[in-house]
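Dear colleague,

I am handing over the structure that we spoke about, and I would be glad if you opened it before reading any further. My notes on what was found follow below it.

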Amino acid sequence: MNGAYARYSPEDDILINSVFTDNCKPGYDNGGQEINFYNWALTAGDGNTTSLWNANYRMINQCNRVLEASANVPVTAAQQDELDHLKGQLYALRALGHLTLAQYFTTDYLNDSALSIIISDRVPEVTETLPRNTNAQVYTSIANDLDSASNLLSTTATDNKYITQDFVTGLKARLALLQNDASAITHAQELIDSYPLATQLQYTSMFLDTDNTEVIFKAARTSSLVGGLWYFTNSAGPFIEASNSLYEAHDPADIRLYVNINFSNNNSGPSDPDNNIHLINKYPGNASPFLSDVKVMRVSEMYLIKAEAQVTANNLAGAAATLKQLRDARFAANTALDSYATQTEAYEAVFNERRLELAFEGHRYLDIRRFKTRLNTGINRDARDCASGGNCVMLPSDHRLTLPIPQVEINANPSIVQNPGYGN
């Protein structure tokens with residue numbers, strides 16, 4: 001089981017969702033790092049896409065092998081609960097891997113017949129090749145694994161460095177959100193009722209790994225530097241920075257400005273907005289610069305899931321009230337209550353709030369994909385963020401808002417079908 005956790009790599013999600021979108025720009029120390037990806041030179045041979053695909057299937061494969069082998073583990077009656085809890089975590093990790101991949105590689109979340117990913121729920125034969133499954137098949141497989149996890153996991157486990165019942169509930173909320181299923185509200189509310197939102201001080205401390213108030217699950221790190229996605233860790237020079245548009249989307253009274261952007265002199269700081277330098281501060285580390293546990297799921301995401309599902313249900317006043325709760329915590333004040341005239345206006349408010357709250361946590365690309373038809377928008381960068389010759393606008397119809405099946409899979413698997421726009 002520990003081997004399965006070791007194969008989990010949320011850093012891949014963080015990089016893709018940040019660099020490819022409107023949340024980043026090349027840093028002042030950039031020597032070509034991630035420039036092709038930033039400029040949307042996306043092909044089936046792209047390394048970031050391949051890394052995402054391979055890492056998740058390695059984790060899924062590890063889960064399958066351990067689950068299959070667990071049938072051969074002799075246990076006493078007193079040990080059965082422990083074995084069940086281990087197996088429950090493996091089912092949840094397998095569901096997480098499939099859900100992560102499905103979000104990037106299906107062309108249409110809401111079309112049950114659209115091609116998604118390959119379901120891997122057993123140890124395959126060495127020479128076996130498998131085709132892509134449909135969304136309906138993948139969603140059912142994920143739901144079944146989450147139900148198996150719920151049935152096996154301990155109800156008393158609370159260590160958020162490991163999978164608990166609460167994380168499974170959060171994954172059910174994420175899955176329901178993709179399907180426009182109203183149960184997203186029920187699952188999200190269950191966690192909202194169990195976890196308080198962090199105060200401003202707690203919010204800052206959370207990303208220093210000294211507070212866990214709203215953390216449902218985090219990927220523990222003892223050597224991997226998530227800040228190394230942005231900085232040369234031997235010199236602290238930034239090769240990727242926060243974008244102008246993200247920086248300017250913040251209100252100075254919002255604690256998220258100071259968590260997302262580095263204004264201190266520690267590690268890589270400070271930023272210099274007057275000279276167009278906005279350094280990323282989401283993972284400053286604690287004892288070691290940039291060494292931070294990765295926050296995979298926080299209760300604030302559940303508020304955002306609830307609000308989005310409320311908009312989908314046309315409960316615009318409810319969505320406004322939900323967003324106000326989150327903003328009140330981040331501003332430490334009684335913020336104004338929004339009033340939305342249309343569903344589109346409410347969706348835009350959720351979309352913008354997700355950008356501020358979940359910046360550099362692995363959501364922005366996926367949010368743009370999910371909202372592109374709702375808001376008729378793709379990626380829109382500030383002109384200053386692409387002044388060096390990069391691309392500024394990606395239309396919502398662009399095929400690159402779905403990732404390509406990696407070329408290594410195409411080469412090895414004659415049963416696979418590539419996504420539109422990437423050739424055969």
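**Notes on the model**

Cys-63 is buried, with a relative accessible area of 0%, where buried means under 20% relative accessible area, exposed means over 50%, and partly exposed is in between, using a 1.4 Å probe and protein chains only. Please keep in mind that this is a predicted model, in which local features need pLDDT of at least 70 and side-chain atom pairs count only at pLDDT 80 or more, while totals for chains, interfaces and linings use all residues. Residues are numbered from 1 along each chain as its sequence is written, and side-chain values use heavy atoms, with hydrogens and water left out.

**The cysteines**

How many disulfides does the model hold? If a disulfide is taken as a pair of cysteine sulfur atoms within 2.5 Å, the count comes to one. A disulfide is, in general, a covalent bond between the sulfur atoms of two cysteines. Here the partners are Cys-386 and Cys-392, whose sulfur atoms are 1.7 Å apart. The torsion about their S-S bond is about 85 degrees, so the disulfide is right-handed. Cys-24, by contrast, is in no disulfide, and the nearest cysteine sulfur, that of Cys-386, is 13 Å away. Cys-24 is also buried, with a relative accessible area of 1%.

**Pockets and cavities**

Grid points are joined across faces, edges and corners, and a volume is the space filled by probe spheres set on the points.

The largest pocket has a volume of about 590 Å³. It is lined by 20 residues, and the closest to its centre are Tyr-57, Ser-120, Pro-124, Glu-128 and Glu-409. Helices and strands are DSSP runs numbered from the N terminus (helices are H or I with at least four residues, strands are E with at least two). Helix H4 (47-70) and helix H16 (407-412) each supply at least two residues of this lining, and the largest share, seven residues, comes from H4. By class, the lining has eight nonpolar, six polar and six charged residues, where Ala, Val, Leu, Ile, Met, Phe, Trp, Tyr, Cys and Pro count as nonpolar, Asp, Glu, Lys and Arg as charged, and the others, Gly among them, as polar.

The second largest pocket has a volume of about 230 Å³, and the residues that line it include Tyr-109, Leu-177, Arg-369 and Arg-374. Which helix gives the largest share of this lining? That helix is H15, with five residues, and both helix H7 (165-178) and helix H15 (364-375) supply at least two.

Two cavities of 30 Å³ or more were found in the whole structure, and about 300 Å³ of space lies in the largest cavity. Among the 24 residues that line the largest cavity, Gln-103, Arg-174, Gly-362, His-363 and Leu-366 lie nearest its centre. The lining of this cavity divides into 12 nonpolar, four polar and eight charged residues.

**Loops and strands**

Most residues other than glycine have a negative phi. Phe-360, in the loop between H14 and H15, has a positive phi, near 60 degrees, and Phe-360 is buried at 1% relative accessible area. Asn-376, in the loop between H15 and strand S7 (379-380), also has a positive value, near 50 degrees, but Asn-376 counts as exposed at 63% relative accessibility.

Lastly, strand S2 (residues 215-219) and strand S6 run antiparallel and are joined by four bridges, where two strands pair if DSSP finds at least two bridges between them. Within this pairing, Phe-217 stands opposite Met-297 in S6. Five of the five residues of S6 are buried, so S6 is largely enclosed by the rest of the structure.

With best wishes

Methods: 1 Å grid on protein atoms, 1.4 Å probe; cavity = no way out; pocket = protein on both sides within 12 Å on 5 of 7 lines; lining within 4 Å.
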